[in-house]
Amino acid sequence: AVINMREWRLSSYCIVSLAVLLGGSWPADAQQATVLGPIPTDSLSEVLSEVTYWSGNPGVGDVISALTGLEVATAPLGSPSGGFVYSYDEGVGAPLRRSGTFGPQFVERALTTGRGTTSFGLNVFNATYDTLSGYPLDDLRVATFRGPQPIISSSTLKLRLQSQTAALFSSVGVTDNLDVAVAVPIVRVAVDATLVQEEPAVGTAMLLAGGSSTGLGDIAVVGKYRFWKSSDERSGLAGLVTLRMPTGDEDNLRGLSAWRTLVSAIASAARGRVAVHANVGYEFWDRSVTLSNNQPGPFDQVWELADQMQYGMAVEFEVRPTLTFMVEAMGRIVRNSGQLETVSFDTEYSPELGSDGVNLLQVTSGRLRKFVMVPGVKLNLGGNRLFSFGLRIAQGDTGLRDTLTPLVGFNWTL
């Protein structure tokens, strides 16, 4: 495309010019740089929008904010179902345990916990994100202006994004076939951003911004109904409905500000020491998440991300009565989504600005896909107390990605 990029080139030039003005004169040593900031901001989304405003690609900060909030809000919290499964035995007149395994960490099983059975749990995740659409977060080239020289100006964003989530669970067996649960995530998101602006003919400036936010994420309410079971109750079919409420702060990247309803089908089969579980579901959103490149005039494109499909499978193995090993595979696909790519534009040559082209990090057509593997273990600590550990390993991800996310959990069934 051939467009007039004068205003973008001017915005890119301003940060270096401002650094020169504030610094009085540019350092003679080319290795030195003038540092500006940190910029005062009121929210984490403002951190990303403000630090990228002068990059020459003013919309990229809002895109990164939206994709970060999307990842934090839609990442699985873990299964709220209790690790011990009981059903009431009329002959004995008391609940009896029906499963030798303790259940997957994320994928749901068709088995229900049993009438009157109550459990409490805690899952803790710690994610340090490394890439966004395959681009390293510590070296995001958001804008490069070309001219007679290959590079006359470049803007590189160096990001450190982290999230820690503590998900508190409680579930109760209303009947032998119906479980109701609630999950309350407490989320901390931290952002450290540095925009490095390089003008070979002038110098280098660094613009700093950052912050963190802690509070509620999007609370989940879960209902699971088992409508078929085998004679030994270890295999079955069930339906699951999960309602995610917009209790997280969207401006601070802890929620989506959308009511989301996930409807899923669950199948479980067990034989001997092995149990297999499969899930497939569709999540409906009452509002979309908007991505825009913020290009001038008719060249702007807008993506309205809404709804997602989820699927998963898990295999459990009872190593011994007090220890279960499992491997899970999970994926999700967000509808109407795009992904970030470097797009090259030819521009009208300006002798004043010396630019005749620009490469920008932009949202383009594509699907936001995620696929992870999760090996893990659950250990009986005595009584009805379980300790769990797992590693969420990213296998395919076109959005914000943490290659390796550890999980530590605890579950107590009454």
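Helix H3, with 15 residues, reaches 21 Å from its first C-alpha to its last, close to the 21 Å expected at 1.5 Å a residue. Helices (H or I, at least four residues) and strands (E, at least two) are DSSP runs numbered from the N terminus; the expected span is 1.5 Å times one less than the number of residues. This is a predicted model, in which local features need pLDDT of at least 70, side-chain atom pairs count only at pLDDT 80 or more, and totals for chains, interfaces and linings use all residues. Residues are numbered from 1 along each chain as its sequence is written, and side-chain values use heavy atoms, with hydrogens and water left out.

**Exercise 1.** Determine how many residues of H3 are buried.

*Solution.* Step 1: buried means under 20% relative accessible area, exposed over 50%, and partly exposed in between (1.4 Å probe, protein chains only). Step 2: 14 of the 15 residues of H3 are buried, and the helix is mostly covered.

**Exercise 2.** Describe how the side chains are arranged along E16, and identify the residue opposite serine 292 in E17.

*Solution.* Step 2: E16 pairs with strand E17 (residues 302-305) in the antiparallel sense over four bridges; pairing requires at least two DSSP bridges. Step 3: valine 302 stands opposite serine 292.

**Exercise 3.** State which element supplies the largest share of the lining of the largest pocket.

*Solution.* Step 1: helix H3 (60-74) and strand E16 (289-292) each supply at least two lining residues. Step 2: H3 gives the largest share, four residues.
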